[in-house]
Amino acid sequence: MDAFIIQGGKRLRGTVRINGSKNATLPLMAAALLTDDPITLNDVPNLADIRNMAGLLESLGCQMQFDTAAHQMTLHATDRTKNTAHYKIVRTMRASISVLGPLLAKRGYARVSMPGGCNIGDRPVDLHLRGLEAMGVQIHLDEGYIVAEIPQGSRLQGARIFLGGTFGSTVLGTANILSAATLAEGTTMIESAACEPEIVGLADMLNAMGANISGAGSPRITIEGVETLSGTDVTVMPDRIEAGTYIMAGAITNGDVTLENCPMDAMSAVLDVLTRIGVEVEVRGNGADPMRQTVRVASARRLSPVHITTQPHPGFPTDLQAQVMALLCLADGNSIITEKIFPDRFLHVAELLRMGASLIRNGPSVLVSGVHELIGAPVMASDLRASAGLVLAGLAARGTTTINRVYHLDRGYERMELTLQQLGADIQRVNHDVV
Ligand code: EPZ
């Protein structure tokens, strides 16, 4: 298993281009199942999750070309007889559930393994299934698989669907219902839809394929079903979580970092929090596209404590919770971070404590008392974003930090160590057993 070895204390300087968004790409890939034509995606990040989704779609009858150097992917669903998403793939990547809606809309049948939980908490799909049942899908569980079908020769039926759960809406649930509704008979209205920018990106692509969707990005999305969808060629939006991670890497090392292709228009809550902490993010030039701007990061010598609660978009994203916790470990005072989306998403807390952080967890909240410095230590990555938080802590810590099991990180960041090396970090990837 690979590990990172980081010698902390280096101030990051230089420029990094933000890659296309993993969480935007995955539902776009699944949407290839909705058409008999090829789909081309540009600026696709070369990540483990993307390659896993490509493997899953190939097993579902999609021909795939992925030019990882050019970050371009072409998908063409040609074989509609393969309709099982096997457990061995689905258990490695929860986003596999995104194929359910497209398979049902186009083929009328799907057998998809239940995703199961993961390190950030239970990952139920009850909202997905309830929405599909409202569209006429018959669903039962069989040996851990969701078996879903509609009567032979029939179509999904448009319906009014409420997707609000205990923890707010569901991003991939909205993607599933939105995709399925494009080929349904009649009108579908999704109430309490996820408002994430990645949903807007999916709706934009589906409309380019001939769908009739309005309201994406708002809590109410209306879809007028159509008979067929055609192919298209789109560019994936930049990754707002990768951008937030590298902004915080610049801030935690008190560096001077410039980010290109930064989706500032999707990061208001992140910028609000960073500004209150004392991190300045200056937009350079007058880039026409507010989703692809160049920004320069500078931070005050002293970081200020803040109170943060993770929320569905446009609130502060749960996917940046571990990273901002690492940053606040070095703030001048006490911060409180409350996790409203995945209340158990705190596996990074124990590892940060090993590095000298002062953290007290109380249910869905953590009190972060700023310390003068973090001290390098061997730590264990547990999930994608917790790993990113540990990297940030290691960049700032005194001494050496070894981060084991960085395969978690490779799911969502393309060769992070190379990017950080280009910014002057002393970080190496080694093939390393747990120390
Ligand atoms: C997406 O996951 C993202 N993944 C996650 O990013 C992100 O953390 C999450 O949205 C929240 O923003 C992708 O887009 C591939 P949800 P998703 O359904 O859609 C509950 C990363 O690090 N819920 O919006 O699976 C659920 O338990 C990943 O890149 C139900 O109760 O998340 C959670 O508490 C991690 N029933 C809340 O809703 C359901 O049927 C939000 O989950 C579905 C979800």
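Let's start with Ser387 and what it touches. Leaving aside residues up to four places away in sequence, Ser387 contacts Ala381, Ser382, His408 and Leu409. Keep in mind that this is a predicted model. Where does Ser387 sit? Ser387 is found in helix H12. Is Ser387 buried or exposed? Buried: its relative accessible area is 0%, and the cut-off for buried is under 20%.

Stay with helix H12, please.

Now the pocket itself. How much space lies in the second largest pocket? About 540 Å³. Its lining counts 22 residues. Nearest the centre of this pocket are Ile252, Asn254, Arg301, Leu330 and His372. What classes make up the lining? Ten residues are nonpolar, five are polar and seven are charged.

Next, the ligand. How many residues surround the ligand? The number is 25. The closest are Asp126, Leu127, Thr170, Asp319 and Ile341.

Let me go through some polar contacts. Take Asp126 again, from that closest group. A polar atom of the Asp126 side chain is 2.8 Å from a nitrogen atom of the ligand. Ile341 is also in that closest group. Here the backbone takes part: one of the polar backbone atoms of Ile341 lies 2.6 Å from a ligand oxygen atom. Then there is Lys22. An N or O atom in the side chain of Lys22 lies 3.0 Å from an oxygen atom of the ligand.

Conventions. Residues numbered from 1 in each chain as written. Predicted model: local features only at pLDDT ≥ 70, side-chain atom pairs only at ≥ 80, totals over all residues. Heavy atoms only, no water. 1 Å grid on protein atoms, 1.4 Å probe; cavity = no way out; pocket = protein on both sides within 12 Å on 5 of 7 lines; lining within 4 Å. Points joined across faces, edges and corners; volume = space filled by probe spheres on them. Nonpolar A, V, L, I, M, F, W, Y, C, P; charged D, E, K, R; others polar. Helix = DSSP H or I, 4+ residues; strand = E, 2+ residues; numbered from the N terminus. Buried < 20%, exposed > 50% of the residue type's maximum accessible area, 1.4 Å probe, protein only. Contact = heavy atoms within 4.5 Å. Near = heavy atom within 4 Å. Polar contact = N/O pair within 3.5 Å; in protein donor to acceptor, adjacent residues only side chain to side chain.
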